[in-house]
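Here's a quick tour of a model you can follow along with on screen. We'll start with a pair of helices and then move to the ligand.

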Amino acid sequence: MINKVFIYQQLATYGERNFMMKMIKYLTLTLILLLTSCASQPDQTIYQQLGGKEKITEIVQNFIYEIEFNETIFEYFKDSDIQRFHDKLIEHICVHTGGPCEYTGDPMDKVHTGMHISEADFNLTVDLLIDAMTKADVPHPLQNKVLAIFAPMRGEMIYR
Ligand code: HEM
C-alpha cells in the first residue's frame, strides 16, 4: 500500500515536471521568435515603409491624375500651378511621414483659406488619394497609416 502511494506520488511529480519542461521550452521558443522578428523589422518611419521619395512621387502623380479626371475637385485646381502643387505636396507628404525633406510651401490654413472646401469635397479628395495609393500598390494597412496623418489636418482646410 505504502509503495503504491509512493509510486503514484512519483508519477504525479514526474507529470508536473514534464509539463513544466514543456512550458519552459514553449516559452523560450516564443521569446526567440519574438526577438528575431523584432530584430529583422526595426522601427521604420512611414516614409521608409512607403518606399521613400520615389513611391511618394508616384502617389502624388496618380493623385493629380485622379484630380484632373474628377470634375468636382478639378474645379478647385483649374487656375492652379499644378507643377508647384506636385512639388510642394511631395515635400509635404515626405516631411509628415518622417522623411528627410524640407517643406518649402505655404502653411495649410493659408493655402486653403478662401477655397470654401466642404466636408463632402474633403472626403472626396481623400477618396482620390486612396485611389492614388491603391494604384501605386501601397498595402491597405499602410494607406491607413498615411490617412491617419493627414485626416486630422481637415480643420485647416474645410469651411475656410
Ligand atoms: C489633408 C489634405 C490636404 C493636404 C495635405 C493638402 C496639401 C496641399 C499642399 C502641400 C499644397 C501646396 C501649397 C503651396 O503651393 O505652397 C496644396 C495646394 C492646394 N490644395 Fe491642398 N491639401 C489637402 C486637401 C485639399 C482639398 C480637400 C482641396 C480641395 C478640394 C485642396 C485644394 C488645393 C488647391 C486648389 C491647391 C492649390 C493652391 C494654389 O493654386 O495656390 N487641398 N494643398
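Predicted model: local features only at pLDDT ≥ 70, side-chain atom pairs only at ≥ 80, totals over all residues.

## How α3 meets α5

On the α3 side, the contact uses Lys-53, Ile-56, Thr-57, Val-60 and Ile-64, and α5 brings Ile-82, His-86, Leu-89, Ile-90, Ile-93 and Cys-94 (contact: C-beta atoms, placed from the backbone, within 7 Å). By class, that's 8 nonpolar, 2 polar and 1 charged (Ala, Val, Leu, Ile, Met, Phe, Trp, Tyr, Cys and Pro are nonpolar, Asp, Glu, Lys and Arg charged, the others, Gly among them, polar).

Residues are numbered from 1 along each chain as its sequence is written.

Mean pLDDT (the predictor's confidence in each residue, from 0 to 100) is 89 for the protein, with 81% of its residues at 70 or more. The ipTM is 0.98 and the pTM 0.80.

## Around the ligand

How many residues surround the ligand? There are 21, and Ser-80, Lys-88, Gly-105, Asp-106 and Thr-125 are the closest (near: C-beta atom, placed from the backbone, within 6 Å). The shell splits into 11 nonpolar, 5 polar and 5 charged residues.

α5 turns up again here: its 5 residues are the largest share of the shell. At least two residues each come from α4 (71-77), α5 (82-96), α6 (108-112) and α7 (119-135) (helices are DSSP runs of H or I, at least four residues, numbered from the N terminus).

Conventions: Contact = placed C-beta atoms within 7 Å.
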